[in-house]
Amino acid sequence: MYKIQKNSTCKTGRNDPCPCGSGLKYKKCCLGKDGATKFYNTKKLYSQKYGIRLKQNADIEGIKKAGRLALKTLDLVESKIRPGMITDEINTLVHEFTIKNGAVPACLNYRGFPKSVCVSVNEVICHGIPGKRVLKDGDIVNVDVTSILDGYYADTSKTFFVGTPGSEAKKIVKVASESLIAGMSMVRAGNTIGDIGWAIQRHAEEKGCSVVREFVGHGVGFDFHEPPHIPHYGQRGEGIKLVSGMVFTIEPMINQGKRHLSILEDQWTAVTKDGLLTAQFEQTLLVTDNGFESLTPFDL
């Protein structure tokens, strides 16, 4: 990683592309406008220091478009989930709908992952590989969709009830949803990554649940996984300061019991070590000056 020297500067040249994304040269567009200069300088600094690529207006619109498709995919899955369904049927739904809409499922063949979507049932924390597992009445199932559309990535997930849920299933899904809300409430320029994790951890633990630490949120948009990492636990005021143009996921994995996990022989599937329930919700978020905008918005 490149280290910024004390005397280094990140100034916009007169003949550089304008940081506002207009396509014009800086001298023909926003030269002298402090906001554009500040964004461009911050963009270069964050790229060099942290490897974080801030998004401009055209990028944000592209991610939003991919996000709308990902959400439509989840809506389709939700309408079809039922007791007796095997998890590979969910994979077929996601794969065919994604391709039909001119996109690519990001999961397929990613680092050898064999399917187009992650489907995680009950004690499966994340990265469940769709297969012959049969969904039963009372199960909970997380479906994690990442769509690539016109070169842009959007990542989102929901945990669904299968049939009629029991009280424990209702509780863990509710706490997971509330934990995402708590994390999102801390997203605004000037706050830190640690603020997000602190809010999530505080809420989950107050409800008697635990937060998985081995898997984190991440930058997204130009690629599936980009800097920075977004832990779902932490201390207020710690970590990288949030700035406008950052796009990342928050995706807390909340366990009914203890936070510890095991990885199955397939080297993908993560399960709770105590065999108790786990749930997750995820959205792709844009940091703004006044807060955030979800690029994969759904009700929580």
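Which residue forms a salt bridge with arginine 82? In this predicted model, where local features need pLDDT of at least 70, side-chain atom pairs count only at pLDDT 80 or more, and totals for chains, interfaces and linings use all residues, the partner is glutamate 89, with the closest N and O atoms 3.3 Å apart. Residues are numbered from 1 along each chain as its sequence is written, and side-chain values use heavy atoms, leaving out hydrogens and water.

A salt bridge here is a side-chain nitrogen of Lys or Arg within 4 Å of a carboxyl oxygen of Asp or Glu, and that rule gives 11 of them. Burial goes by relative accessible area: under 20% is buried, over 50% exposed, and anything in between partly exposed (1.4 Å probe, protein chains only). Arginine 82 comes out partly exposed at 39%, and glutamate 89 is also partly exposed, at 29%.

Glutamate 226 and lysine 55 make another salt bridge, at 2.8 Å from N to O. Glutamate 226 sits in strand β8 and lysine 55 in the loop between α1 and α2, so this pair ties together parts 171 residues apart in sequence. Both glutamate 226 and lysine 55 are buried.

As for strands, they are DSSP E runs of at least two residues, while helices are H or I runs of at least four, numbered from the N terminus; two strands pair if DSSP finds at least two bridges between them. Strand β14 (residues 283-288) has 5 of its 6 residues buried. It pairs antiparallel with β9 over 4 bridges, and β14 also pairs antiparallel with β15 over 4 bridges. β14 and β15 form a hairpin with 2 residues between them.
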